[in-house]
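Thank you all for coming.

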Amino acid sequence: MSIQIRPAAIAGLKVREFEMLIDGRWTGGQGGIIERVAPGHGVTVSRYQAATELDANRAIAAARTAFDTGPWPRMTGAERSNTLLRVADLIAANAEELAWFDAVEAGKPIAQVRGELGGAVDIWRYAAALARDLHGESYNTLGDGTLGVVLREAIGVVSIITPWNFPFLIVSQKLPFALAAGCTAVVKPSELSSGSTLLLGRLLIEAGIPAGVVNIITGTGAAVGSLMTSHRDVDMVSFTGSTGVGKLTMRNASETLKKVSLELGGKNPQIVFADANLEEFADAAVFGAFFNAGECCNAGSRLILHRSIAEEAIARIATLSAKVRVGDPLNDETQVGAIITPMHFDKVTNHVAAAEAAGAGIAFGGGGLDLGMGQFMAPTIVSGVTPDMAIAREEVFGPVLSVLTFDTLDEAVHIANDVDYGLSAGVWSAAMDNCLGVGRRVRAGTVWMNTFMDGASELPFGGYKQSGLGRELGRHAVEDYTETKTLNMHIGARSTWWVQR
Ligand code: NDP
């Protein structure tokens with residue numbers, strides 16, 4: 001069994017009441033109040049406004065006006081860049097408060113969230129740099145009579161919808177790039193973890209972002225999601241969440257042919273060859289599967305092990321799993337926090353039970369941990385999994401690792417690709433032929449070689465197949481929030497149509 005850290009009652013807890021940010025003002029909603037019960041502590045920690053379509057309409061109207069007539073899209077890149085740098089500094093200065101909300105509301109280990117906040121600061125700074133470098137193209141090669149200039153213009157109003165698992169990090173993968181391009185936005189965080197995004201609203205105002213440029217509404221996707229993704233005044237939707245809601249988002253946006261960017265689920269394989277460094281791999285396997293309690297689109301939830309080393313690899317991973325510290329999200333020592341809701345806990349444990357019923361075995365863990373409050377699950381290794389089992393194909397989104405085996409590189413690549421998802425993958429081998437052989441053939445947006453889940457603001461992130469559409473981060477991230485416009489300029493006398501005949 002893993003090491004357990006029993007949650008302590010939250011010291012000095014005062015339930016925090018939040019309003020929404022619309023047109024530069026903090027405001028109530030029309031749909032009542034949503035209470036967030038902390039998944040690791042079982043007590044109410046925050047109260048949010050439940051937005052209705054009326055509120056969403058106001059937020060979209062404010063963003064539209066700020067885009068059509070406000071100063072933000074008309075500023076120089078340098079002015080926008082300086083504002084984004086101020087936001088980055090304010091995030092860094094307020095990191096502890098932001099981290100507390102993500103830890104408590106999403107059940108994430110506080111030490112981990114501090115790292116995510118550091119990553120978010122870096123992304124805001126990176127987007128600030130890109131704001132000054134956004135440019136189009138010119139064509140001086142079209143003959144004496146023509147000059148072509150391709151402008152990049154901000155796309156307009158963007159609806160940004162984010163999930164609960166990395167509340168601050170994911171809004172930071174979208175909003176700074178939209179702002180760098182000159183867009184305005186309506187942001188809706190998950191109803192389960194809205195605190196850090198609303199606190200960001202305060203920091204945006206402090207940094208000098210004009211009223212209406214960023215509007216933050218809270219509440220359920222069911223209440224406002226369809227309006228945010230179908231409204232004719234919204235030009236683009238940037239969504240991170242489940243593949244099911246991603247498909248719905250695309251359907252809703254199709255009526256007005258909006259641009260859609262989707263970051264969705266994953267069932268990410270790690271392929272391990274016989275010559276891999278098993279000590280390093282075992283650590284990465286435990287990290288990849290149990291980081292963020294496995295509630296991670298990038299989770300390395302499928303191990304595809306060469307048959308000759310499978311037994312040893314599973315034994316090593318089980319040994320390390322016993323050292324993982326599960327429990328109180330607010331304890332600095334915790335590595336795996338709480339499961340987001342009781343309903344999600346049931347979904348994860350049902351997946352494990354179904355795998356057992358289908359003939360798989362439990363090599364480690366397998367169920368819930370009673371830590372006195374909240375809902376927690378033991379890191380779990382399911383062995384003897386075959387590619388046809390649901391646990392090998394469906395996203396579990398919990399701390400559950402499925403282990404499959406292979407004999408040849410071709411078979412490993414086939415198993416890796418034979419699912420609906422294609423977000424990321426890992427390959428472990430001392431031989432370049434194996435690493436590149438898999439790296440070039442696996443259909444995934446990111447492939448790690450002899451490491452797992454490393455990232456950098458410079459590196460694009462996104463999925464193949466049903467894991468998404470488009471890429472975030474990287475130097476093209478700002479361009480995603482733009483349209484191109486061709487200026488075709490004529491120089492000198494123009495020959496007429498009739499003369500040409
Ligand atoms: P959901 O798809 O349920 O929700 C994501 C967001 O969409 C939430 O803000 C939700 O609001 C909102 N939403 C719900 N219904 C609608 C709708 N009809 N129209 C528009 N928006 C709607 O995902 P979860 O929050 O449960 O997050 C977990 C999922 O996200 C996992 O499947 C995971 O793989 C994926 N994910 C993908 C990532 C990636 O980058 N590829 C990163 C992180 C997560 P509310 O919940 O408040 O009702």
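By a salt bridge I mean a side-chain nitrogen of Lys or Arg within 4 Å of a carboxyl oxygen of Asp or Glu. What you see is a predicted model, in which local features need pLDDT of at least 70 and side-chain atom pairs count only at pLDDT 80 or more, while totals for chains, interfaces and linings use all residues. Residues are numbered from 1 along each chain as its sequence is written, and side-chain values use heavy atoms, with hydrogens and water left out.

In one of them, arginine 307 and aspartate 407 meet with N and O 3.0 Å apart. Arginine 307 sits in the loop between strand E15 and helix H10, and aspartate 407 in the loop between strand E21 and helix H13, so the pair ties together parts that are 100 residues apart in sequence; helices (H or I, at least four residues) and strands (E, at least two) are DSSP runs, numbered from the N terminus.

Glutamate 97 pairs with arginine 16, with 3.1 Å between the closest N and O atoms. Because glutamate 97 belongs to helix H3 and arginine 16 to strand E2, this contact joins parts 81 residues apart in sequence. Arg16 and Glu97 are also linked with Arg202 in a network of salt bridges.

Finally, glutamate 96 forms a salt bridge with arginine 114, the closest N and O atoms lying 2.9 Å apart. Here helix H3 holds glutamate 96 and helix H4 holds arginine 114, so parts 18 residues apart in sequence are tied together.
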